[in-house]
Each structure stands twice: as C-alpha cells, then as structure tokens.
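Trainee: I would like a close look at a single part of this protein. Please take me through it step by step.

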Amino acid sequence: MPALGKHRRSRTSPLARRLIALGTGSAALALPLVTATTAGAAPAPQQAVKAPTAATAAAKVTHTVAKGESLAKIADARSVSGGWKALYKTNRATVGENPSLIHPGLKLKLSGKPKAAAPSASTEKKASGETTDAVETAAKSYTNDLDGWIREALDVMAQNGIPGSYDGIHRNIMRESGGNPQAINNWDSNAAAGTPSKGLLQVIAPTFEAYHVPGTSTDSYDPVANITAACNYAADRYGSIDNVNGPY
C-alpha cells in the first residue's frame, strides 16, 4: 500500500516522452502529434478487371453461320489454320456430307490455332542484321496442276495414316487417266453396270464413297479427293498405292 500524502507520478505516453526528449536540445524539432487512432492513408482503389463473359469466350471457339457465308469465307475471316478443309473436318457431323451446303444458324467449332500473322520487316531480321530468305507460313499453298494435286493429297494422306509415295501415285495416274482429272471410262464392265470409272485414278462411285477421306470434296472428279480415296482403297486392298502396277 502506498504511504499517505504521497502521489504517484503521472504517466507520460511513450510518444510524449519522445517529444519531450527531442525538445530538450538547443533546437527543438517540431514533430506532428499523431494520435493512436489516426489511420494511415487509404490505398487508391484498384479498377476492377472485367472477366470475360461466357458469350465472349464462346465466340472465340464457335461461329454461327450467317446468310451468304461459306466454309472458305469463315475459315479466312476467323483465321482457321488449315483453311476450310480443317474447319469442315472438325464440323463434319454438323455440316453433313456436302461441305458446300451450310445453313444460316449452324454453330461451327473453330478448329486449330489461328494462322500465324505475317512477320514484319523487323522480325525477319536475324541477330546479325541479315534478313531471312523465306518465312514459312502456317498453311501450305499448292499449285493447281498435277504436281500440286499429288502433293496436297500426300499431306492429307499423312494426316490420315494412308501410305503412298509421289512416284507411286504419279505412275498410276499416268496409266489410268494420263493426268486428266475429268477423265471417264464409258466402255468397260463398270460403265456397263452404270458405275463408270472417273477422275485421275479412275475410281467408281461406290469405291469413292466407301473410301472417301473426311475433309476432302465429295465430288469424285476433285483431284485431291479422287487421289486420296483411291489411295485409301489401294492401302486397304494392296497395302499401298505403290504396290499397284496395273488395273486395280
């Protein structure tokens, strides 16, 4: 118990003691008195980042067909790698057997990655300052002749696991049609039965339909569709078009 007549020394806060100590010198520092309840400056509010809506996300991976559109136009406008053939392959179940017939309102899935943008002049330069000789684009282009048709068909075959070589295809084309994609045989037994052989590799309609390669045209006169269907048939029956050296 404290003695009578004595008084406790009043307590000073740690902040007050610091102020007193700083003021005892020859030049006192004027410090702001900050109470314990003073809050620090509130941070500036951050702007909310809009999350993509479901509709926006869906628009990036799907396309609703409008009147007057074709698979080729859509593939070009939406930068679909592989063009209309890749787009058709992805949506064949929706489009049906004829890629030329698409109806307004159909929802198509956009396949593949977008096409690579054309490189600028600066990106074509090497670290040494030299320019590259050529920049390979995402989609190949083919010449509209026998060489181009065979090369495009070989790429389609490679994607579908169908064997065959350039020489094997070329050799059989020259024997069957002479390189004429519109060739038709109207005199043999197939023609007499109502199913004449057609196209570069002289394929009859039932064989073309049975061995048609998805993503190619449904027209048996189409050079690439005709070659790939014939090679698919030859692979099934002979192991490869390379093994065919006569009528098949």
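Is Thr216 buried or exposed, and at what relative accessibility?

Mentor: First, the ground rules. This is a predicted model, in which local features need pLDDT of at least 70, side-chain atom pairs count only at pLDDT 80 or more, and totals for chains, interfaces and linings use all residues. Residues are numbered from 1 along each chain as its sequence is written, and side-chain values use heavy atoms, with hydrogens and water left out.

Now Thr216. Thr216 counts as buried because its relative accessibility is 2%. Buried means under 20% relative accessible area, exposed over 50%, and partly exposed in between (1.4 Å probe, protein chains only). Thr216 sits in the loop between helix 8 (205-211) and helix 9 (223-238). Helices (H or I, at least four residues) and strands (E, at least two) are DSSP runs, numbered from the N terminus. The Thr216 side chain reaches the backbone oxygen of Val213 at 2.6 Å. Leaving aside residues up to four places away in sequence, Thr216 touches Tyr88, Val156, Val224, Ala225 and Thr228. Contact here means heavy atoms within 4.5 Å.

Next, helix 9. At its start, a side-chain oxygen of Asp222 comes to within 3.2 Å of the backbone nitrogen of Val224. Buried residues of helix 9 include Val224, Ala225, Thr228 and Tyr233. The buried residues of this helix pack against helix 4 (83-95), helix 5 (146-159), helix 6 (166-176), strand 4 (197-198) and helix 8. Gly239 follows helix 9, and its phi is positive, near 95°.

Searching the whole structure gives two aromatic pairs. Rings of Phe, Tyr and Trp (its six-membered ring) pair if their centres lie within 6.5 Å; planes under 30 degrees apart count as stacked, over 60 as edge-to-face and the rest as tilted. The Tyr211 and Tyr233 rings have centres 5.4 Å apart and planes at 75°, so this pair is edge-to-face. It links distant parts of the chain: Tyr211 is in helix 8 and Tyr233 in helix 9, 22 residues apart. Tyr233 also pairs with Tyr248, and that pair is tilted, at 6.0 Å centre to centre and 40° between the planes. Tyr248 lies in the segment after helix 9, so the pair ties together parts 15 residues apart in sequence. Tyr211, Tyr233 and Tyr248 form one aromatic cluster.

Last, confidence. The protein averages a pLDDT (the predictor's confidence in each residue, from 0 to 100) of 76, and 65% of the residues score at least 70.

Key: A polar contact is a pair of N or O atoms within 3.5 Å; within protein, one must be able to donate a hydrogen and the other to accept it, and residues adjacent in sequence count only if both atoms are side-chain atoms.
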